[in-house]
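Dear colleague,

Please find below the structure that I am handing over to you.

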Amino acid sequence: MTSLLAPVTDFSDLGIIFNPPTDIKGLDPALHDTLSNLVTVWNRKRVRNSLRSRYADGKHRLRDIGFSIPPSMRNLEEVVGWPAKAVNAHAERCMFDGFVSPNSSDDSFDLNPILSANRWDIELPMAISSSMIHSCVFMAVSEGDESAGEPPVLTIPHSAQWSSALWNFRTRSLKAALTIDDIDDYARPTRFRLWTPFQVITCQLGREWYVDDVWTHGLGRVPVEVLSYRPTIDRPFGRSIINRAVMSITDDAVRTVLRSEVSAEFYSAPQWLLLGADSDSFKDDDGNPIPVWEFVIGRLNMIGKDEDGDVPKLEQITQQSVQPHIDQMRELACRFAGETNVPVSSLGIIQDNPSSAEAMHAAEKDLVIDCSAANRVYGASLRRIAQDIIMLRDHTTEVTDEMAGITARWRNPSLPSVIDAGDAMVKLVGAFPWLADTTVALEEVGFTDEQITRLLSEKRRAEAKSALNALAGMNGGGNGKPDSEPQGNQSSDQIAEDGGEPRTTGDGPNVATAAGKGTGTAA
């Protein structure tokens, strides 16, 4: 059978079914059933996951495009990118901005270096986008090989196309997980990991399947967290934005685009009805039929009279308009917007009158609410990921109270402008003046975590400089001059010689005060 398989170049459409190995050398027999269940789940979901990937990538082809499409145009490829637009519109508003603790706004657990080494600023947005396509994504946490240049802790997201998991309804966490780490040219797995609450078993395919590595982590839970979109009690792994309604509307939109292309072809070639013409008028000198297209584009065409001597009558057939197809696309865009909460204006539908700022804000309200709910669900999983990172890095197995209070910070999904956010914060500071001295105010204005760190650093630097200047001013009698300069008409050495009592020379005023000599009281 291997010789009949062609190497896979597009992994979004996988047709290979992976059967779980029945005998893996070195694997605990008690884990065979768990592995079999995980592989079964993966095989069952691969078809739908691949279908949603094709919709997101614009590669899905319609099976039945309708009788109104001529056979010569049925191979025409038309793409409607609305599914990808819906995914991106949601994912781009779920912007992670670091971890915070209830008692500290800074990185009290020093997680930023590990997150930076794992490229969270790039990979977490990709993971969120993948979860919205396939309903979930799995984030695995494991020890890194620092001798090989890896960070102390690795966090690797796994798409649902190459992983699966079993849910424990009592603990509200994963019972076990499977991640595919490597495949051959025919998309058949050659290396995978089995994640359990106590161990992570790596299996490799050589001449036969065998256990390549066993890692005992001691966390007491599976070091894999699921980032799910719109989970429910019955579906803890969430739902995809590209649901059946979205796919159906997208198919209808593709058919409409195809029909409009057919209409455009007929519209660009006007149809004429020639009455009473001799058939010889459509033949060349050799008696061969003249192609219709040459007759249409010919600059000079001659048609003779018929046998009765009558001149042929030429009439133009009224062309069909593409306006009905444009109206249908507008109606489909409204249906798509209602299903995904993406504004109609973001789908390429131009309104007659430009929308006002208030109208645009109202159109995005449902999208903002949807993204806020998604951030809350993602944040719960990210909290457990942060706890796993800390425990693996510090070699602990207990979640402390402070670790349990870690929360994920997100940017405002409404993405307000700096001016709007600043105006709102000015009003809040007017009601609560102490709010101006908190980092929460800077977060609400829209500054990123890096910007807040730089701003606070600049603030501390400016405060330290002001304190030094004030101290120098006190030492210099409040006139801002260095201590080495004379104060009034006498130097600091002269004041010290007089026991701290200033002298006046002429009419000069006293410019220095000192403690009373030997009294211990202020003069």
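The crossing of helices H4 and H9 is right-handed (that is, the near helix is turned clockwise from the far one by less than a right angle). This is a predicted model, in which local features need pLDDT of at least 70, side-chain atom pairs count only at pLDDT 80 or more, and totals for chains, interfaces and linings use all residues. Residues are numbered from 1 along each chain as its sequence is written, and side-chain values use heavy atoms, without hydrogens and water.

Two packed helices are described by the angle between their axes and the distance between the axes. For H4 (residues 120-134) and H9 (residues 365-394), the angle is about 135 degrees and the axes are 13 Å apart. H4 is therefore oblique to H9 (angles under 35 degrees count as roughly parallel, over 145 as roughly antiparallel, 65 to 115 as roughly perpendicular and the rest as oblique).

Arg119, in the loop between helix H3 (112-117) and H4, has a positive phi of about 55 degrees although it is not a glycine. Arg119 counts as partly exposed because its relative accessibility is 45% (buried means under 20%, exposed over 50%, partly exposed in between, with a 1.4 Å probe and protein chains only).

Arg230 also has a positive phi, near 55 degrees. Its place is the loop between strand E9 (224-228) and helix H5 (244-268), and at 31% relative accessibility Arg230 is partly exposed.

Finally, Trp434 lies in the loop between helix H11 (418-431) and helix H12 (439-445). With a relative accessible area of 56%, Trp434 is exposed.

Yours sincerely

Notes: Helix = DSSP H or I, 4+ residues; strand = E, 2+ residues; numbered from the N terminus. Axes fitted to C-alpha atoms, helices over the stretch in contact; angles between N-to-C directions.
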